[in-house]
There are 4 protein chains.
Amino acid sequence: MAGNSFGKVFRVTTWGESHGTGIGAVIDGCPPGITIDTERLQQEMNRRRPGQGGASSPRKEPDVVEILSGIFSDEPDALPRTTGTPISLAIFNKDAHSKSYAHIKDIYRPGHGDITYDAKYGLRDYRGGGRASARETAARVAAGAIAGQVLEQYGIRVLAYTVALGGVKITSCDLGVIEKNLYCCPDRIAAEQMEQRVQEVRSAGDTLGGIVEIRAICPAGLGEPVFDKLEAELAHGLMSIGAVKGVEFGAGFAVADMLGSENNDPITPEGFAANNAGGILAGISSGQEIVMRVAVKPIPSIGKEQQTVNRAGEPVSVKIGGRHDISAIPRVIPVCEAMVRLTLVDHLLRQNAIKLPNI
Amino acid sequence: MAGNSFGKVFRVTTWGESHGTGIGAVIDGCPPGITIDTERLQQEMNRRRPGQGGASSPRKEPDVVEILSGIFSDEPDALPRTTGTPISLAIFNKDAHSKSYAHIKDIYRPGHGDITYDAKYGLRDYRGGGRASARETAARVAAGAIAGQVLEQYGIRVLAYTVALGGVKITSCDLGVIEKNLYCCPDRIAAEQMEQRVQEVRSAGDTLGGIVEIRAICPAGLGEPVFDKLEAELAHGLMSIGAVKGVEFGAGFAVADMLGSENNDPITPEGFAANNAGGILAGISSGQEIVMRVAVKPIPSIGKEQQTVNRAGEPVSVKIGGRHDISAIPRVIPVCEAMVRLTLVDHLLRQNAIKLPNI
Amino acid sequence: MAGNSFGKVFRVTTWGESHGTGIGAVIDGCPPGITIDTERLQQEMNRRRPGQGGASSPRKEPDVVEILSGIFSDEPDALPRTTGTPISLAIFNKDAHSKSYAHIKDIYRPGHGDITYDAKYGLRDYRGGGRASARETAARVAAGAIAGQVLEQYGIRVLAYTVALGGVKITSCDLGVIEKNLYCCPDRIAAEQMEQRVQEVRSAGDTLGGIVEIRAICPAGLGEPVFDKLEAELAHGLMSIGAVKGVEFGAGFAVADMLGSENNDPITPEGFAANNAGGILAGISSGQEIVMRVAVKPIPSIGKEQQTVNRAGEPVSVKIGGRHDISAIPRVIPVCEAMVRLTLVDHLLRQNAIKLPNI
Amino acid sequence: MAGNSFGKVFRVTTWGESHGTGIGAVIDGCPPGITIDTERLQQEMNRRRPGQGGASSPRKEPDVVEILSGIFSDEPDALPRTTGTPISLAIFNKDAHSKSYAHIKDIYRPGHGDITYDAKYGLRDYRGGGRASARETAARVAAGAIAGQVLEQYGIRVLAYTVALGGVKITSCDLGVIEKNLYCCPDRIAAEQMEQRVQEVRSAGDTLGGIVEIRAICPAGLGEPVFDKLEAELAHGLMSIGAVKGVEFGAGFAVADMLGSENNDPITPEGFAANNAGGILAGISSGQEIVMRVAVKPIPSIGKEQQTVNRAGEPVSVKIGGRHDISAIPRVIPVCEAMVRLTLVDHLLRQNAIKLPNI
């Protein structure tokens with residue numbers, strides 16, 4: 001109801017504020033008996049932490065995940081396995097300077113949730129954005145990493161990368177170069193142009209938007225036919241990321257200009273002959289690659305002077321100092337992957353619930 | 001779980017197949033004491049029925065809604081009011097010719113869910129698309145009309161219209177002309193061009209995609225901050241419409257090319273000075289108009305010959321005869337409105353649940 | 001939220017008022033491919049209808065169930081099978097005389113929900129108890145009969161019978177005689193005494209309470225360990241029957257007087273050596289028979305004069321005429337079975353969801 | 001789904017094993033702006049900790065609750081208030097000796113969930129009962145204490161006490177003496193007899209059952225009419241406590257022997273003239289005191305030798321050493337209060353959701 005949970009069978013609940021004691025997630029419904037590799041869990045966290053990628057600020061926070069429950073080695077030298085009980089994950093804050101936020105306590109920063117939180121709750125934890133901070137997504141990445149280890153057992157894999165940043169678009173796509181540049185970009189030349197664009201904008205105290213594409217290899221038959229279509233729930237998950245303002249599947253908004261005869265993917269004995277559908281038909285995965293893209297808005301915290309009001313409704317101007325990221329890209333990439341993983345693992349387990357009741 | 005329900009407080013469950021006995025919806029959680037105007041409910045249904053708009057086939061189905069429960073006149077001459085108990089709505093099929101579908105019983109039509117339903121369920125009601133048929137949306141429109149009558153009491157209003165069809169885009173927006181053309185288009189000249197485009201494509205046996213924009217007037221404070229952001233749930237609802245392949249809010253995909261200083265909406269004592277956010281900040285409505293757009297794919301049932309396979313995996317060609325619509329637009333427009341209404345009424349009641357526990 | 005749904009995977013939503021158009025249930029989440037025997041569904045309904053058993057009034061209502069969706073014969077002569085889509089069940093009212101209830105429109109009948117419905121909703125459908133009528137349970141029995149046909153495929157069977165009525169308790173238990181007397185009583189002699197007790201009380205215009213016992217044969221491993229223990233959800237389902245005021249499992253309230261050494265069921269290589277636990281340990285079925293009992297209150301509609309108030313708070317006396325049942329027993333018996341079946345089928349499918357995610 | 005959450009609006013999810021890192025609860029949906037008295041929260045914890053009451057072992061565990069999120073002082077000297085975001089509560093284990101459990105790693109203790117956990121999950125955290133340990137209820141008490149502070153604002157109060165222990169039943173009820181004896185018993189003389197009974201049984205290495213009564217002062221109008229009747233959800237919550245094997249409301253199982261004319265509570269202009277209904281009519285609170293009783297089984301860990309099997313199915317005998325409680329009473333009393341509080345706060349907020357949608 002209050003919306004801090006995601007998923008129905010593999011249900012994740014996140015808690016914590018940017019500058020409180022810490023943040024965390026509780027996973028209820030993880031299947032038992034899954035071996036968990038805690039090192040890979042931590043590696044996933046490291047991809048999201050500040051200082052990653054060229055558009056990020058150079059700050060360092062370790063984001064060490066602790067697993068408080070739900071995982072157990074029942075034999076002396078065995079790797080820990082999930083027990084089927086709740087997995088509690090916590091990331092305690094090391095570096096919370098709440099005093100530095102006192103000056104924006106009563107100011108509504110443009111593009112932020114300060115004004116809407118006050119409208120909804122009547123009070124808010126103003127330290128670093130509180131619950132609206134991107135820091136909350138660290139808990140999602142931790143839970144998504146567990147989901148990823150479950151999905152691997154079913155051959156389901158998810159990969160996200162940058163296809164546009166600050167107006168620079170990729171013109172080729174070589175997934176092999178994604179990890180070789182600061183922007184997780186599959187086009188080496190575009191990555192260099194992105195770097196240039198970031199440097200320009202950094203010196204101007206401004207920020208940049210972009211587009212992330214996510215692909216998932218997934219068996220046929222996941223998803224539900226009506227309100228919980230796989231696209232609907234993936235869109236739900238992806239649009240729940242603060243910076244995302246649009247989502248599209250397969251041909252996406254381009255379908256508006258297409259004929260039915262162009263858009264329909266022919267089916268052959270060898271499989272589909274095209275993938276305008278983005279791997280989903282009537283809400284259910286077809287076995288083709290699931291392909292989706294999200295529009296990422298520029299980070300609203302900018303170094304330029306902006307016009308706004310305070311809690312009393314009086315006009316004030318605000319200029320947000322400190323070392324801020326130039327773009328949510330690339331740090332939002334593991335968050336996109338996490339939301340897709342969480343959606344897929346939930347549908348994987350739901351699907352099973354309906355289809356195969358064989359004890 | 002099986003996804004035939006939408007909403008948490010105002011919860012709608014739809015049932016029924018295209019060519020079965022009928023279709024319907026049960027609303028659980030409608031507040032008591034709301035006067036229901038059954039004539040306006042039926043008018044809303046009429047907007048969605050076949051034969052509406054220039055891109056529709058000339059068929060006629062009445063789609064008469066019956067209210068089976070949940071509404072009662074407790075005084076002899078009073079208008080019926082909701083009692084707070086489930087509202088059961090049914091639309092019985094008058095015109096089901098299931099025999100005419102026997103020839104596609106074993107064929108997977110391109111762009112349809114035939115192949116994915118079989119992957120998921122192992123069997124399907126092949127008559128007219130069964131549960132995947134657009135006919136299912138009639139039940140949504142009926143439930144959405146009830147939601148609309150609840151929302152009106154809070155001054156919340158929703159309006160959808162066509163901004164692109166078959167490559168024709170609007171260049172002006174006069175909401176006053178929407179009801180004066182066959183395409184629910186706010187640009188009279190574009191509407192004429194759309195008509196031309198439809199005639200061309202009709203004779204070619206093909207179909208068209210387009211874009212629908214939806215606006216909602218809505219108070220500040222609706223939505224939840226994390227996974228159930230208002231955008232996330234609106235996207236969930238809109239992406240659950242079969243023909244929709246993308247959704248965006250405010251500036252939408254255009255944010256990818258914007259600077260933070262351009263995209264942030266300045267706040268003044270008189271209100272926001274722009275609306276790139278589309279009326280939602282950090283997942284919560286800001287009091288500005290909520291603005292969203294959906295990409296509508298061309299209808300997959302086309303008169304042209306297409307390559308596909310049958311259930312045995314053998315190649316076959318298929319040509320879908322009969323009188324089909326050229327575009328889901330304009331009939332999808334009341335469905336978009338319904339999904340936005342159902343999302344907003346649910347958040348309206350949820351919001352209240354958390355904020356004001358005063359018995 | 002508004003509580004007209006039961007179950008999480010096999011989710012039943014009921015609708016309808018006692019004297020409205022009809023009542024019904026929508027099942028969302030029934031697995032696909034289950035053959036449905038509609039004759040046995042109707043037989044189950046007949047067990048609940050008025051005129052059954054010695055404590056019932058001689059009235060006759062047919063309670064004919066219609067299946068409006070979710071079941072399909074995909075081959076010409078095949079029996080209908082579930083498709084995995086919502087199963088809509090309706091029982092249309094044949095015999096609704098709403099005028100005869102006008103005289104109690106403003107009176108709060110003792111032991112009924114008239115006063116609490118008004119407190120909660122501010123208005124109510126006063127015709128025959130509206131939604132609080134026992135008639136609502138007909139929809140549960142219909143849904144429970146579908147659940148029963150799913151459970152049979154897993155060897156799960158549920159049986160309920162009378163162990164006490166009007167102070168008469170069974171002293172022997174022969175399940176073979178249950179169907180041979182009017183009270184579904186496994187003790188032939190007690191059944192005769194119950195008949196005598198009913199006749200005495202009928203002439204006095206009064207009503208009787210009793211106790212129903214329910215047994216389920218069920219594999220080990222169903223249930224969840226913490227809040228959704230199998231006992232907790234069975235208790236939820238059984239306590240949701242209007243007439244039920246208590247529920248107990250295995251030794252039940254007798255545990256209060258037992259020692260740990262008496263109450264613990266020893267475990268042997270051949271199985272448990274006793275069943276004080278009632279077939280459930282730590283919330284999960286042990287493979288033993290699940291045994292539970294419910295306390296059924298006397299029907300509140302009595303022919304004797306009673307003191308109460310009207311909506312204005314003024315004292316009035318009321319005497320409820322017409323042919324009413326003397327006890328909810330035996331008509332409540334198929335309702336108890338339905339609630340146990342609905343709980344077990346939901347746990348069966350949930351269990352599977354968590355344990356065996358193998359597509 | 002996996003059942004580690006309770007409530008729909010005020011939703012509590014607990015995590016943690018008896019001998020793991022710790023246990024905790026996340027509350028999602030607590031209304032904002034509620035002042036939290038953390039000292040009283042800790043006092044509530046202390047009532048449940050070991051060493052309380054005469055039937056408990058003398059062990060000491062502090063059970064210190066830490067609030068990790070969701071509470072904030074937005075003014076320098078203000079008391080902390082809820083922000084409407086998730087409240088994360090943790091109790092870290094200080095005293096976990098997991099080695100001492102290695103000898104029961106492969107043995108199924110009678111009356112415990114060892115055997116059913118293995119049937120369900122295939123593995124289990126065998127240290128101290130893992131998730132099935134009574135220790136899990138400490139997290140419930142912490143969450144229930146927060147719920148209690150919300151309820152107080154609406155005049156809702158909950159009180160539990162012992163009415164039977166080891167065969168000793170109360171014969172008088174003076175709520176003033178509850179806190180003045182080790183058994184939370186409202187009858188001073190019965191409390192002394194309980195003490196005697198406990199001493200007898202302690203020396204015999206055995207354990208005792210009993211009955212707890214819970215009362216709640218609550219306004220009219222809480223609860224839902226059909227499946228989520230207030231009794232049904234209270235029963236769900238209370239039956240989810242491991243030691244509870246039965247629950248009854250008002251006259252409870254005694255209704256089986258009552259006439260309708262005895263059982264119906266007459267209504268007068270001054271209120272109800274009796275309370276056989278236990279404060280609930282047709283699933284909705286009537287404004288009378290809600291009265292319920294639960295049957296508490298003897299603790300299954302006994303010092304006597306018992307027959308059982310190991311994981312290989314071979315017969316073994318087991319004798320559970322260490323300092324164990326003689327009865328779950330009185331430590332289960334704050335747990336019963338917690339479950340009633342959690343149920344009532346959820347219905348309070350749900351009720352509001354449906355009834356008063358006035359932003």
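Does C184(A) count as buried or exposed, judged by its C-beta neighbours inside 10 Å? In this predicted model, C184(A) has 25 C-beta neighbours inside 10 Å and so counts as buried, since 20 or more are enough for that label. You will find C184(A) in the loop between strand 9 and helix 4 (188–203) of chain A. Its backbone is worth a look too: phi of C184(A) is near 50 degrees, a positive value in a residue other than glycine. Most residues other than glycine have a negative phi, and most peptide bonds are trans.

Now turn to chain B. There, C184(B) is placed in the loop between strand 9 and helix 4 (188–203) of chain B. The phi of C184(B) is near 50 degrees, again positive without the residue being a glycine. C184(B) is buried as well, because 25 other C-beta atoms lie within 10 Å.

For a contrast, visit R323(A), in the loop between strand 18 (315–318) and helix 7 (332–355) of chain A. Here 11 other C-beta atoms lie within 10 Å, so R323(A) is exposed. Although R323(A) and S301(A) are 22 residues apart along the chain, 9.9 Å separates their C-alpha atoms.

Let us move on to the place where chains A and B touch. In this contact, 92 residues of chain A meet 92 residues of chain B. Helix 5 of chain A gives the most to chain A's side, with 6 residues. Sorted by class, that side of chain A has 44 nonpolar, 30 polar and 18 charged residues.

What does helix 5 of chain A pack against? Its partner is helix 5 (residues 230–239) of chain B, with the two axes 8 Å apart and an angle of about 165 degrees between them. An angle over 145 degrees counts as roughly antiparallel, and the two helices are therefore described that way. Their crossing is right-handed. The residues that meet are E231(A), A232(A), E233(A), A235(A), H236(A) and M239(A) on one side, and E231(B), A232(B), E233(B), A235(B), H236(B) and M239(B) on the other.

Strand 11 (residues 244–249) of chain A and strand 11 (residues 244–249) of chain B run antiparallel, linked by 3 bridges. In this pairing, E248(A) has G246(B) as its bridge partner. Step back and you can follow an open sheet of 10 strands, with antiparallel pairing, in the order 9(A)-8(A)-10(A)-16(A)-11(A)-11(B)-16(B)-10(B)-8(B)-9(B). At its edges are strand 9 (168–169) of chain A and strand 9 (168–169) of chain B, each pairing on one side only. Within chain A, strand 8 (residues 157–165) is joined to strand 10 (residues 210–217) by 8 bridges, and these strands run antiparallel. One place to look is R157(A), which stands opposite I217(A) in strand 10 of chain A.

Chain D lets us look at a strand 10 from both sides. Strand 8 (residues 157–165) of chain D is connected to strand 10 of chain D by 8 antiparallel bridges, and A164(D) stands opposite I211(D). Strand 10 of chain D also pairs with strand 16 (residues 290–296) of chain D, in the antiparallel sense over 7 bridges. In that pairing, I214(D) faces M292(D) as its opposite residue. Of the 8 residues of strand 10 (residues 210–217) of chain D, 6 are buried, so the strand is largely enclosed by the rest of the structure.

Chains C and D have a helix pair of their own. The axes of helix 5 (residues 230–239) of chain C and helix 5 (residues 230–239) of chain D come within 8 Å and cross at roughly 165 degrees. That makes the two helices roughly antiparallel. Their crossing is right-handed, and the contact has 6 nonpolar, 2 polar and 4 charged residues.

Our last stop is a pair of prolines. I329(C) and P330(C) are joined by a cis peptide bond, with omega about 10 degrees. P330(C) has its place in the loop between strand 18 (315–318) and helix 7 (332–355) of chain C. In chain D, the peptide bond from I329(D) to P330(D) is cis, with omega near 10 degrees. P330(D) belongs to the loop between strand 18 (315–318) and helix 7 (332–355) of chain D.

Technical notes
Residues are numbered from 1 along each chain as its sequence is written. Chains are lettered from A and ligands numbered from 1 in the order in which they are written. This is a predicted model: local features need pLDDT of at least 70, side-chain atom pairs count only at pLDDT 80 or more; totals for chains, interfaces and linings use all residues. A residue is buried if 20 or more other C-beta atoms lie within 10 Å of its own, exposed if 12 or fewer, and partly exposed in between; C-beta atoms are placed from the backbone. Helices (H or I, at least four residues) and strands (E, at least two) are DSSP runs, numbered from the N terminus. Two strands pair if DSSP finds at least two bridges between them. Axes are lines fitted to C-alpha atoms, for helices over the stretch in contact, and angles run from 0 to 180 degrees between N-to-C directions. Angles under 35 degrees count as roughly parallel, over 145 as roughly antiparallel, 65 to 115 as roughly perpendicular and the rest as oblique. A crossing is left-handed if the near helix is turned anticlockwise from the far one by less than a right angle, and right-handed if clockwise. Two residues are in contact if their C-beta atoms, placed from the backbone, lie within 7 Å. Ala, Val, Leu, Ile, Met, Phe, Trp, Tyr, Cys and Pro count as nonpolar, Asp, Glu, Lys and Arg as charged, and the others, Gly among them, as polar.
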